[in-house]
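Hi,

Here is the model I promised to pass on. Have a look, and my notes follow below.

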Amino acid sequence: MGSSTNMNSQLQTLRPEGRLKVTPAHLRREAFLYIRQSTLHQVVQNAESTQRQYALRERAVALGWSVEQVHVIDCDLGYSGASAVDRAGFQELVEEVSRGHAGVVLGLEVSRLARNSADWQRLLELCALTDTLILDEDGLYDCNDFNDRLLLGLKGTLSEAELHFLRARLRGGILNKARRGELATPLPVGLVYDEARRVRLDPDQQVQQAIRLLFETFRRTGAAHATVMYFRKEHLLFPRRERSGPRKGELIWGTLGLSRVLQVLHNPRYAGAFCFGRSRTRTWPDGSCHTQTLPRDEWLVLIPNRHAGYISWEEYEDNVKRLQDNAQAHGKERRKSPPREGPALLQGLVICGVCGRRMTVRYHVRQGNLYPDYVCQREHVAHASPRCQHLPGQAIDSAVAGLIAETLTPFSLEVALAVQQEIEARQEDARTLRAQQVVRAQYEADLAGQRYRRVDPNNRLVAGTLEAEWNTALRALQETQQEYERQCQVDRLLIDDQVREQIMALATDFPRVWNDPHTTSHDRKRLLRLLVEDVTLTKSEAVSIHVRFRGGATETLVIPAAQRVWQTWQTAPEVVQAIDVLLDQYTDRQIAAILNERGLRSGKGGIFYAYTVAKIRRKHHLKSRYERLREAKMLTVEEMAHALHVSEGTVKTWRKAGLLRGYACNDRNCYLFEPPGPDAPRKSQGRPLAGRRRFAEVALESAKEVQYEA
Ligand SMILES: [Zn+2]
């Protein structure tokens with residue numbers, strides 16, 4: 001410990017009146033050294049500041065505390081300083097101070113913390129109440145001492161101003177450099193800085209190839225998703241450079257996702273353009289950071305053709321435009337989107353029961369009408385994996401519409417009640433919050449009162465100030481109390497008349513409007529959104545539709561899984577029966593002609609053809625003409641030739657000439673024959689066949705005779 005520091009601490013321990021700041025009472029109590037490192041980064045990087053904090057301990061010892069009395073609270077290492085709520089160390093410190101255990105609190109830059117953090121300000125109040133001293137690197141403060149409080153405040157303001165100028169200077173320098181296009185910003189993978197800090201293509205040929213292939217594939221397919229599909233199909237990997245962490249700068253090869261493709265296509269650096277300020281980062285009240293991408297005209301700097309690139313500036317602009325067009329054509333997945341045109345009733349409300357993602361609506365056109373399909377394809381789009389669920393929407397829509405229309409009356413009451421409950425719960429929350437404000441104001445007023453009573457009445461200036469503060473606090477308390485009572489009154493009125501009326505009106509009006517034939521599908525969709533929170537669809541053997549109403553009521557519907565279109569084309573039973581009868585005598589083509597003649601129509605509403613009859617025959621397991629003839633002991637050509645000891649050709653010739661009776665078993669000129677009786681024809685050389693005819697041709701035996709063939 002140097003002599004100057006000793007001098008300094010000697011000076012600081014003196015009150016203006018010459019009394020010592022550190023009293024034996026202080027020394028009897030403990031000393032708490034609070035060490036705060038907000039991020040893990042600081043923990044690793046700023047070992048030096050930790051050193052500074054530990055040096056404070058020695059100051060405390062120099063002021064008279066024993067080494068055993070100094071307690072270190074450093075369990076907040078690595079936690080964010082945004083809020084005291086989740087910092088156990090800070091809470092411990094507050095507790096020790098408020099119990100009067102602490103004689104002194106040691107910490108770095110207390111003035112800055114007290115300026116920026118409400119928690120620290122409260123701690124200082126507590127220190128004043130419990131007569132606890134504060135010690136930082138610059139000095140020792142007594143919170144009950146007006147000058148010390150002033151000093152703490154001033155130093156806080158100064159450090160804030162300093163920080164502001166520092167930041168402004170830094171930012172100004174950065175901006176000037178950026179405007180000239182000389183700022184070295186992090187480059188996307190595939191671009192690197194050379195020794196002269198100029199941007200070059202990555203010398204790694206494999207990286208270059210991968211990036212070129214991405215642009216080529218997009219050029220060829222015109223779609224980001226198709227690019228992902230291509231890389232997936234060919235099992236191609238894409239490079240990525242680690243931006244932070246212990247592996248910072250390392251090249252990592254992984255599968256290509258949609259977001260990566262979009263990043264690459266949207267990044268102007270690949271077209272050799274320098275840009276700066278494409279996004280803006282904001283800190284939200286809860287301390288979290290949010291980055292927002294800006295439209296191009298809000299970028300701070302954009303200088304095309306500044307350095308080497310993979311594509312031309314023109315191609316970059318084409319790509320961006322193409323992506324925009326695609327997005328408009330297909331629509332992006334939106335959460336709770338407002339009802340858009342298109343008849344799908346549940347648009348924007350459907351959730352996949354398999355993976356929990358939002359499902360999208362696709363339409364297909366059939367006979368001039370639009371039919372919705374609900375598709376879970378998020379994974380499919382992002383990573384080209386197979387579609388999760390794909391459900392025809394019409395049956396689902398009508399089931400939900402039916403549920404709304406039928407069970408609305410009992411439901412509407414329940415929904416109305418749920419809405420009312422929710423409003424009341426929200427009001428209860430607000431009431432609790434307001435009550436807390438009253439308590440807080442009471443506390444402030446008490447504190448101000450105590451401060452006033454403590455002050456030496458001879459010190460007029462201070463007494464006057466404190467009295468004014470006390471009065472202000474009392475006024476604030478009164479106002480808060482009045483506001484609280486007034487709001488409670490308003491709440492009661494709100495739920496009593498207006499809201500209850502609105503709720504009941506909704507409940508009674510709903511069925512009337514819903515069932516009105518003049519209500520358009522657009523309006524129904526809006527009405528549905530008033531009632532339904534979301535609808536979860538799960539398809540197994542059946543489709544289960546889980547409807548969650550606003551306010552928490554649920555209802556599950558089960559409908560049979562939709563059939564394919566052709567499955568719905570049912571053949572009329574009488575047609576099947578007629579075919580069964582006709583098969584005893586006729587071939588498929590003949591039957592088709594007969595059915596058409598009778599004016600019967602197929603399941604699709606068209607006329608019959610031979611193949612339609614064959615299909616129906618197979619589907620309904622009717623015995624074919626061949627099977628029936630075989631069952632009636634008819635012989636094939638080979639069997640007949642064998643039985644008659646003639647060639648197959650002769651059998652055919654004899655049938656045509658009417659010597660044998662044959663029955664057509666199909667439409668390809670195949671015949672089956674009655675077994676030869678005792679007077680079977682024989683080879684009889686020299687006699688003309690025409691003179692030997694025994695049977696007439698079987699009616700309708702050839703295609704030429706069918707008149708209804710289309
Ligand atoms: Zn899914």
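How are the donor residues of the zinc ion spaced in sequence? They follow the pattern C-x2-C-x20-C-x11-C. Bear in mind that this is a predicted model, where local features need pLDDT of at least 70 and side-chain atom pairs count only at pLDDT 80 or more, while totals for chains, interfaces and linings use all residues. Residues are numbered from 1 along each chain as its sequence is written, and side-chain values use heavy atoms, with hydrogens and water left out.

Back to the zinc: the SG atoms of Cys352, Cys355, Cys376 and Cys388 coordinate the ion at 2.2 to 2.4 Å (donors are N, O and S atoms within 2.8 Å of the metal, or 3.2 Å for Na, K and Ca). The donor angles run from 100 to 119°, so the arrangement is tetrahedral (four donors, all angles between 85 and 135 degrees).

Then there's a helix pair. The axes of α9 (residues 205-221) and α11 (residues 258-266) come within 11 Å and cross at roughly 90° (axes are lines fitted to C-alpha atoms over the stretch in contact, with angles from 0 to 180 degrees between N-to-C directions; helices are DSSP runs of H or I, at least four residues). Leu214, Phe215 and Phe218 of α9 meet Val261, Val264 and Leu265 of α11 (contact means heavy atoms within 4.5 Å).

On confidence, pLDDT (scored per residue from 0 to 100) averages 77 for the protein, and 77% of the residues score at least 70. Over residues 331-339 pLDDT stays under 50, with 18 contacts beyond four places in sequence.

Cheers

Definitions and conventions
Helices (H or I, at least four residues) and strands (E, at least two) are DSSP runs, numbered from the N terminus. pLDDT is the predictor's confidence in each residue, from 0 to 100. Four donors count as tetrahedral if all angles lie between 85 and 135 degrees; four count as square planar and six as octahedral if opposite donors are over 155 degrees apart and all others between 65 and 115; anything else is irregular.
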